[in-house]
Structure formats: C-alpha cells, structure tokens
Amino acid sequence: MITLEKRPEPSQFWVFATPLLSVLLTMVVGGMLFAALGQNPFVAMRTIFLDPLFSEFSWFYRPQLFIKGAPLVLIAIGLSFGFRAGVWNIGAEGQYIIGAICGAAVGLAFYPMEARWLIFPLMVLAGALGGWAWAMIPGILRTRFGTNEILVSLMLVYVAEQLLASMALGPLRNPDGMGFPGSRNLSQYPSAANLELIQESAMHWGVVAAFIAVIFAYVALARHLFGFHVRLAGQAPRAANFAGVNPNRLILICLGLSGTLAGLAGMFEVSGPAGQISIDFNVGYGFTAIIVAFLGRLHPIGILLAAGLMALTYIGGEIAQSNLGLPGAAIQLLQGMLLFFLLAVDVLTNYRITWQRGRA
Amino acid sequence: MSLRTILAGAALAAGLTSGAVADGHEPLTVGFVYVGPVGDGGWTYEHDQGRLAVEEAFGEKVETVFVENVPEGPDSERVMTQMALQGADLIFTTSFGYMDPTINVAAKFPDVKFEHATGYKQADNVSVYSARFYEGRAVQGHIAGNITESNIVGYIASFPIPEVIRGINAAYLHAAAVNPDVEFKIVWVYTWFDPAKEAEAANVLIEQGADVVLQHTDSTAPQAAAQAAGGVYTFGQASDMTEFGPVPRVSSIIDNWAPYYIARTQAVMDGTWESVSTWDGIDTGMVEIGEITDAVPADVKAEALAMVEAMRTGAYHPFTGPINKQDGSVWLAEGEVASDYGDDGLAGMNFYVEGVSGEIPE
Amino acid sequence: MDLSAINPILFFASLMVAATPIILAGIGELVVERAGVLNLGVEGMMILGAVCGFIVAVNTGSAWLGFLGAALGGALLALLFGVLTQCLLSNQVATGLALTLFGLGLSALMGQGYIGIKGPVFADWHIPILGDIPVLGPIMFQQDPMVYIALLIVLGTGLFLNRTRAGLILRAVGENHDAAHQLGYKVIRVRLMALAFGGACAGLGGAYLSLVRVPQWTEGMTAGAGWIALAIVVFAGWKPWRLLLGAYLFGGVTVLQLNLQAAGVAIPVEYLSMSPYLATIVVLVIMSAGRAPGSLGRIFHASH
C-alpha cells in the first residue's frame with residue numbers, strides 16, 4: 001500500500017517542481033473542462049496563462065500584475081510571520097477595510113487643503129494604525145483571556161464590513177455625489193492621492209511598500225533574532241519558551257505586524273487604484289492573501305511568486321472571458337482547481353511516497 | 001512617450017487593422033462590463049438580454065464581448081482598458097460604481113465610445129444613460145393603492161440612494177391619490193440581491209399587515225414569500241417574473257435596455273454617435289410595464305393603462321405639483337413639474353414627500 | 001412608531017424558518033470541528049447543495065429527492081476537501097478557502113440552464129393536534145418538514161456526541177489525534193466520515209434556500225450564510241444545543257431589525273447587523289467552556 005514517509009528535510013527538488021507540476025495538472029484538467037464547454041483548450045490556456053505576459057498588449061497587462069498583486073503580497077507577508085509562529089490571523093480582510101477607512105478619513109478631513117507633504121504621510125500612518133488597532137483586538141483577547149484568535153479575527157471582518165457600509169453611506173459620503181453612496185475620489189485629490197511613481201507604470205506606493213516588505217521579511221527570517229523566535233515558536237513551542245521567547249509578546253507582535261501591513265494595503269488601495277470608499281470596496285484580498293501565503297510556503301520570495309500567479313489568473317481570466325466568451329464561473333472553477341493542485345502536490349515536498357508490501 | 005499616446009496609437013492601430021467600421025466588412029465590437037453574474041435573474045440578466053438583442057439585431061455585423069462579476073474599482077478599469085485594447089468600438093459599463101473608471105479609461109481611448117449606466121459624469125466619448133423607473137413605480141402605486149384592503153403597503157428598499165427614494169415617493173404619491181388612508185411600511189435591506197434576506201423582509205412586512213409588497217431588490221424571493229402567505233400582491237422587479245403570475249405578481253417593471261443598446265450600436269455604425277445624457281422611461285420603451293393580470297379589477301387596470309399611455313405620450317409626469325416635502329414645506333407648486341437636475345431635482349432626490357412616514361437612513 | 005404591529009407569534013415562527021439553513025450548515029460544521037478539522041468551505045458546500053438540490057428537484061419533480069441530491073453533492077465536495085487535507089496533508093485554512101471559490105464556480109456552471117425556473121412546491125406540515133395549540137402551535141408545529149428535520153439532526157447529533165461510543169471516539173480524535181491514533185482509532189477515517197456528514201448538512205442548508213426559502217436558483221444565492229454558520233459554531237462553544245441558540249440569535253437579529261424598521265423605528269441598521277458578531281466575540285471571551293477542540297485545524301500524520 002502507499003504510505004507517506006516524512007522527509008527529514010523538505011526536498012529542494014520538489015520545492016521548485018511542485019508549483020510547475022500543479023500548474024501543469026491544472027492545465028490538463030482545466031483543458032478538459034474547457035473542451036467540455038466547447039472551447040479549444042490550448043487557446044484557452046494560452047489566453048489565461050500566457051497572454052497577460054506575452055501578447056500584443058502585454059505592455060499593459062504586466063504592470064496590472066503589480067496592481068492586483070501588491071495588496072496580496074503586502075497582506076500575505078504580514079500573515080506569514082504569524083502563520084509560522086502558530087498565530088492564526090484570518091481576519092486580514094477586516095484589517096484591510098479599517099486601514100482603508102482610517103486612511104481615507106484622514107485624507108478627506110483635510111479636503112481640499114493642499115499639503116501633500118503633510119496629508120499623504122498622515123494617511124499612511126492612519127492606515128497602518130487602523131489595521132494595527134483592529135488586529136490588536138484579537139491579540140489582546142487572546143493574550144488576556146485565551147480567546148481563539150482565528151474566530152475573533154474572522155468575526156471582526158463582518159463587523160468591519162458593516163462599518164464600511166455605514167461610512168460609505170454616512171460620514172464619508174461625498175457631499176457632491178448627487179446622494180449616491182461612496183466617498184470623494186481620493187485619487188483625484190492630489191494631496192491625498194497614491195499616485196504612480198513613474199507615469200503609467202502602475203508602480204504606486206503600495207507596490208513599493210510590498211517590495212520593501214518582502215525584503216524586510218526575508219532579512220528578518222534569515223538573519224534576525226525575531227525571525228528565529230518566530231520559526232522556533234512554530235516548530236517547537238517548548239524550546240521557544242526555554243530560549244526566552246515571551247509567547248504573549250510574540251502573539252501581539254505577529255498580529256500587530258499583519259494588521260499593520262493589511263491596513264497599509266487597504267490605505268494604498270483606497271487612495272490609489274480604487275480611489276474611494278464605497279460599500280463594495282473590499283474584494284476579498286484579505287482572504288486571497290491567506291491562500292497566497294500558503295502557496296508561497298510562507299516564504300517571502302514564494303509569496304511574491306504566488307501573488308504573481310494569482311494575479312495572472314485573475315487578469316488572464318478576464319481576457320478569456322471577453323475574448324473567448326468563457327463564463328466567469330469557469331474561471332473561478334479553474335482558480336479553485338489550481339489552488340487544490342498546488343496544495344495537494346505540496347505533500348511531495350515534505351513527504352516521500354513509498355510502497356509498502358502489507359502492513360509494516 | 002506616455003501611455004496615453006501609446007494607448008491612443010494602439011487603439012487607432014486596432015481600429016485600422018480591424019478594418020474601418022463604416023465600410024461594413026469587419027464586425028463592430030461591442031463590450032459589456034457587468035457587476036453581477038449574468039445568471040442573477042435581475043439587473044445583470046436584463047443587461048445581458050440587451051446584449052443578446054444587439055447580436056440578434058445586427059447578426060454578422062456585430063461581435064459582442066462581456067465580462068461578468070467585475071468588482072467596481074481597479075478591476076473594472078482594467079477590464080474596460082482590455083476591451084478597448086482588443087478592439088472594442090463601443091463599451092457599456094453597467095453599474096454606478098464604474099463611473100470614475102469609465103471616465104479614466106475613456107480619456108485614454110478617445111476613439112472608443114463609452115456608455116455608463118446610472119451615473120452622472122459625461123465626457124466627449126462617454127454618454128450616460130438611465131431609466132425612469134419611477135414612472136413604473138407610479139403605476140405600481142396606483143394599483144397598490146386600489147387593491148390594498150389593509151391599507152398597508154410594504155416596500156423592500158435596497159440602499160438609500162436617489163433612485164430608490166424616487167421610487168418610494170412616486171409609488172406613495174399615486175397610492176395616496178386613490179387611497180388617502182394608505183400607509184407605507186419601508187424596510188431597508190442594504191443589498192441589491194440577497195434572496196434569503198429579501199424573503200425575510202417580505203415576510204416581516206406581510207406579518208405586519210401589508211397585503212401589497214413592492215420591492216426594489218432583484219430576486220424573486222419576495223414573490224415566493226407572498227405566494228406562500230396568500231392574499232398578498234407583488235410586482236416583478238427588473239425582470240418580468242411572470243412565473244409568479246397571475247397572483248401574487250400582478251404586474252412588473254421591466255428594464256428593457258435592448259432598444260437603447262441597438263440604437264447606440266447603430267449610431268456608432270453610422271458614425272452619428274455623440275455623447276448624450278439619456279434618461280428614458282416608458283416613452284422609448286426603456287421602462288416596460290409587464291402585463292397587468294386579471295387579479296387587478298378591470299377599472300383599475302384600465303386606469304393604470306391610461307396612465308401608462310399618458311406617460312408614453314408625455315402628457316403626464318408622475319411628479320406634478322402640488323407636492324410637499326415630508327416636513328410640510330412646498331416642493332412643487334400647483335401644476336409645476338419636477339425638474340431632472342438642480343436643487344431638489346429628481347436626479348439627486350434625497351427627501352420623502354409629505355405623507356411618507358419614517359426617516360431616510362444615513 | 002407602532003411596536004404593536006409586530007406579532008410575536010409570527011415573529012418567532014419566521015425566526016424558526018430564518019434560522020433553519022444556518023442550523024443545518026452549522027450542525028455539520030460543528031461535528032467536523034469536533035473531529036478536529038476546520039473546514040472554512042461551508043459557503044462553497046452550501047451553494048453546491050443549493051444548485052444540486054434544485055437541479056434534482058426540477059428534474060424529478062420531488063423536493064425530497066432534491067434534498068437527497070443536495071446532501072450528496074455537499075458530501076462529495078466535502079470529501080474532496082477531506083482527501084486534500086487528510087490524505088495529502090494540505091493546510092486546512094487555505095484548502096477551505098479554495099473550496100469556497102471552487103464551489104461558487106462549479107455551482108454557477110451547473111446552474112446555467114436553471115435560471116428563472118420554479119421548483120416543485122414543498123408544502124408546510126400542519127401537525128394535527130400539536131399545530132392547534134395556541135401560540136406554540138403556529139410557532140412550532142405548522143412549519144415545513146425541513147424545520148423539524150433540522151431540529152432532529154441537532155438532537156441526534158447531541159445524543160451521538162455525548163451518549164455513544166462512536167461519538168466519544170470522534171471527540172477523542174478531535175481533542176488529541178496523536179493519542180487517539182495510539183489507542184488504535186482510525187483518525188483519518190473518522191475525520192472523513194465527519195467531513196462527509198458536514199458536507200451533507202451544508203448541502204441541505206443550501207437546498208433549503210433554493211427549494212423552500214427563496215425558492216429558485218440564482219448564482220451566489222447563499223450570500224454569506226455559510227460564513228454565519230461558521231460563526232454560530234463558535235458562538236455555540238461546539239455544543240449542539242447552544243448552536244440552536246446561536247442560530248436563533250443570528251436569525252433573530254435579522255428578523256428583528258426588519259420588524260423594527262417596518263414598525264417605523266429608526267434604527268442604525270449597520271450597527272444592529274454587526275451586533276451578533278460582537279455578541280459572538282463576547283461569548284467567546286466570557287465562556288471559558290467555549291474552548292476549541294484540541295487538535296482543531298492541525299495536520300495529522302501518523303508517522304509510524
């Protein structure tokens with residue numbers, strides 16, 4: 001019978017081979033699905049996976065990968081520390097929303113004053129603080145009362161969504177908006193706009209922040225004592241205790257870090273690409289980032305690549321919908337499939353499949 | 001060279017390579033951006049019916065493309081840009097939240113025509129269009145005021161925005177005109193589409209005595225709830241919802257985008273397209289009144305049809321004075337007709353008329 | 001304002017109906033979590049159940065067969081999750097989120113030909129004698145059969161978990177899978193069975209929406225009910241009878257706020273809507289008994 005045997009060390013070969021294998025598997029199974037829907041599977045796959053990168057209009061799509069990927073990277077990097085240490089923040093979506101609300105509120109409070117040197121940094125600060133504070137709720141409840149942070153952080157997502165709706169309809173509503181919900185467009189208010197750094201490159205401050213986060217995370221994990229503590233707490237909690245890691249402090253730091261980054265992501269999104277607070281402002285980056293964090297094996301570089309892959313399927317999926325007439329549902333299904341395969345074949349990295357005759 | 005010039009060049013190139021539209025060799029490409037799934041049975045479904053009507057009308061001469069479930073914000077901006085790049089000549093963006101993205105993308109593609117639904121920002125190559133659904137609401141109000149026996153009319157409202165408030169006011173005015181004792185119970189569900197919640201809202205209204213339920217949300221759940229309760233009348237919304245006739249559904253407001261979409265596509269083909277602000281109602285068929293079933297007394301039905309006819313010819317405007325605001329102050333003097341824009345105009349309506357109880361939530 | 005317009009009997013009767021889909025999905029997830037597995041894909045299983053149930057019911061003309069189909073569909077999707085997390089040891093949080101994505105896509109594809117169709121009628125049962133009791137009768141005994149079935153499932157689950165040996169094993173697996181494995185229990189098999197049950201229940205909950213509550217198929221019709229089910233499991237502290245309380249609280253707040261609005265009470269809707277979630281957090285903090293199963297969400301691998 002087939003059994004799994006744990007490898008002493010994760011296999012270096014499979015670390016790199018599994019993502020390729022899963023994309024390949026997705027293409028095969030997804031291709032069959034598309035063929036069943038009456039599409040040419042090869043054209044469909046090329047459209048989804050290659051057209052955004054190498055086609056006539058890829059000069060437009062490539063920067064779009066940054067826009068779609070940056071919030072995912074920023075949030076997933078923050079989450080990865082906690083996930084490594086066994087601190088489960090699955091409420092990044094809520095922290096993202098609160099960061100956006102706080103950032104936007106500060107920006108709108110100054111409208112129409114012109115002082116970019118003051119307003120934009122204050123907004124960044126407010127976004128970070130908002131996300132941090134929202135994450136501190138599960139943090140403090142966990143450290144003070146032992147309350148499960150998975151569930152508290154998840155519950156707070158719904159609270160944040162309701163808060164978002166009330167902000168879009170109430171205090172932050174655009175007074176010149178003909179009575180429609182939604183705030184003023186921050187990207188049209190120069191002092192508060194998260195502008196493109198190089199014109200038409202789609203590189204906004206959120207993209208820069210995402211890259212900085214990747215570098216810092218890499219350094220912290222590889223070289224810094226904090227990274228060591230995080231890894232130790234996740235792998236051997238008791239040893240971490242002996243090494244002098246204060247578990248409560250670690251929980252608060254991990255949650256605070258992920259909340260801060262999620263809040264920043266929300267703030268950069270609301271002041272740049274999205275432009276305004278609206279009822280449907282959040283589109284699930286906080287949840288998708290959880291998947292991205294795991295697909296990236298909780299490693300900064302892996303997260304960067306995983307976010308790129310997710311962004312690719314979103315953008316390629318849209319192209320396939322409009323060019324080939326594929327239903328949106330088929331794209332969603334393909335994404336789900338890709339995630340399943342990525343998660344499933346990961347087993348090969350940490351385990352060896354062996355044949356055993358009879359019962360060992 | 002900035003992207004704007006590249007994009008303009010690319011759009012131009014795309015226009016050239018795909019052949020001049022006017023000489024009719026290559027199909028005209030029409031793009032549609034949808035906020036929901038085409039299978040929502042309501043808002044997006046009706047826009048997609050409009051798309052299919054365009055295909056039907058022009059056959060080989062057009063090619064339509066669409067992307068569904070596009071979130072408002074940067075995703076919609078990307079989808080529009082992508083459509084424009086791939087050679088779309090005309091793009092319909094069918095949700096209010098697409099307003100700023102549409103304007104942004106349109107600025108980059110001066111040769112592509114854009115049509116934004118329900119917004120208020122125009123540009124040289126951006127038209128706006130919306131439907132005067134309140135005309136249909138007036139008809140519903142007239143029927144509701146007549147057929148209610150409990151004198152309680154329930155109203156499932158989505159979000160407190162001008163369009164919904166216009167609908168409430170129009171329905172109330174015409175219900176109260178035929179039945180001074182009528183009372184409107186309004187619940188705000190804060191969603192356009194959540195069948196379970198809509199069903200609950202309908203049930204609550206019915207339990208509190210409503211025997212007519214109007215809805216400004218898109219699912220058929222309230223119809224089913226009314227059917228189960230029995231003795232309750234409803235009106236279809238967005239789609240005809242005939243499957244619930246002859247009772248509880250006694251009539252409906254249908255969003256019929258097909259004539260507009262066909263006309264605008266034709267305008268692009270003929271080279272006569274220009275930026276306009278369209279706000280059409282029953283007159284052009286953008287708002288249709290679904291069949292009034294025999295559950296409605298014949299005289300009431302005749303009156304309702306006469307009203308529809310009067311609105312079709314422009315002889316009657318549902319907001320004709322004297323009408324006071326909720327606080328008793330004068331909104332429209334005797335014989336005065338509400339203006340579309342400006343202070344207290346219909347477009348930005350944010351107050352109830354006199355007689356509607358309760359407050360518009362903030 | 002006219003609070004007398006709210007009829008308490010009708011209020012509680014509609015509360016029972018509003019709570020039923022989340023009771024069904026919640027009880028399934030409760031068993032899954034008691035077995036130590038965190039499946040965040042409830043929404044995906046519910047929506048698949050909704051579409052499967054509707055398709056089967058329309059084609060066979062029987063709502064009962066529809067519910068059966070829904071349970072099967074939900075269970076199959078749950079088993080996919082089971083194979084991934086239990087056999088291939090993937091992370092449960094990520095897999096559950098992916099499952100929701102997958103379920104939403106699959107259901108939309110399957111349901112394409114079923115939009116705008118009416119399903120078979122599923123009539124209420126007016127239980128003789130009991131249904132005629134004043135006050136209690138209309139609330140408790142004049143509902144559709146699934147309301148009773150949901151309550152029976154909760155009752156059965158409570159008895160199963162606390163009174164049977166199999167229930168004990170399931171809880172042991174959830175508390176400490178390594179110890180359970182040492183004792184010779186088949187951890188993976190127990191968990192797969194729990195997952196299948198959870199998926200079947202979620203499927204029933206979804207079908208309740210598409211066959212009774214709405215009743216029609218529309219894409220995305222569960223509109224977040226699966227996430228509420230997850231919340232009430234936590235609110236319940238993983239105890240079946242408290243799950244009922246949670247479901248009535250969540251269902252009740254929705255029905256109550258609609259009732260208050262209709263009665264003309266000006267209430268801040270958003271703040272009332274967030275109150276059950278805040279209540280759940282408060283409950284989590286106060287009730288130390290609401291401790292999560294020991295092995296919840298952890299990967300099990302029998303190393304020898």
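# A walk through the chains

Let's start where two chains meet: 29 residues of chain B are in contact with 29 residues of chain C, contact meaning heavy atoms within 4.5 Å. What you're looking at is a predicted model, so local features need a pLDDT of at least 70 and side-chain atom pairs count only at pLDDT 80 or more, while totals for chains, interfaces and linings use all residues. Residues are numbered from 1 along each chain as its sequence is written, chains are lettered from A and ligands numbered from 1 in the order in which they are written, and side-chain values use heavy atoms, with hydrogens and water left out.

Back to chains B and C. Between them they bury about 2600 Å², with 56% of it on carbon and sulfur atoms. Buried area here is the accessible area (1.4 Å probe) that two parts lose on being put together, summed over both. On the chain B side, E200(B), E207(B) and Q208(B) lose the most area to chain C, and together they make up 24% of what that side buries.

How many salt bridges are there between chain B and chain C? The count is one. A salt bridge is a side-chain nitrogen of Lys or Arg within 4 Å of a carboxyl oxygen of Asp or Glu. Side chains of opposite charge can pair when their charged atoms come close. Look for R213(C) and E200(B), whose side chains meet in a salt bridge at 4.0 Å, N to O.

Over all chains, the rule gives 17 salt bridges. Take K68(A) and D75(B), which form one with their closest N and O atoms 2.5 Å apart. This pair crosses between chains, running from helix α3 (residues 58-85) of chain A to helix α3 (residues 74-85) of chain B. Helices (H or I, at least four residues) and strands (E, at least two) are DSSP runs, numbered from the N terminus. Are K68(A) and D75(B) buried or exposed? Both are buried: buried means under 20% relative accessible area, exposed means over 50%, and partly exposed is in between (1.4 Å probe, protein chains only). The two also belong to a network of salt bridges that links K68(A), E318(A), D75(B) and R78(B).

Other salt bridges stay inside one chain. In chain A, D346(A) pairs with R297(A), with 3.1 Å between the closest N and O atoms. These two come from distant parts of the chain, 49 residues apart: D346(A) sits in the loop between α13 (328-345) and α14 (347-350), and R297(A) in the loop between α11 (285-295) and α12 (300-324). D346(A) counts as buried because its relative accessibility is 18%, whereas R297(A), at 25%, is partly exposed.

Chain B has a pair of its own, D100(B) and K121(B), meeting at 2.8 Å, N to O. D100(B) lies in helix α4 (residues 99-108) and K121(B) in the loop between β4 (113-117) and β5 (126-131), so the pair ties together parts that are 21 residues apart in sequence. D100(B) is at 8% relative accessibility, so it counts as buried, and K121(B), at 27%, counts as partly exposed.

Now for a sheet in chain B. Six strands form an open sheet in the order β7-β6-β8-β9-β10-β12, with mixed pairing; two strands pair if DSSP finds at least two bridges between them. Its edge strands are β7 (183-188) and β12 (287-290), each pairing on one side only. The twist averages 15 degrees from one strand to the next.

Six bridges join it to β6(B), and the two run parallel; I156(B), for instance, has V187(B) as its bridge partner in β7(B). Why is β7(B) largely enclosed by the rest of the structure? Because five of its six residues are buried. Elsewhere in the sheet, β9 (residues 233-238) and β10 (residues 249-255) of chain B also run parallel, joined by five bridges, and F235(B) has S251(B) as its bridge partner in β10(B).

Helix α7 (residues 195-207) of chain B packs on this sheet, touching β6 (152-157), β7 and β8 (212-215), and its direction makes about 160 degrees with that of β6(B). Axes are lines fitted to C-alpha atoms, for helices over the stretch in contact, and angles run from 0 to 180 degrees between N-to-C directions.
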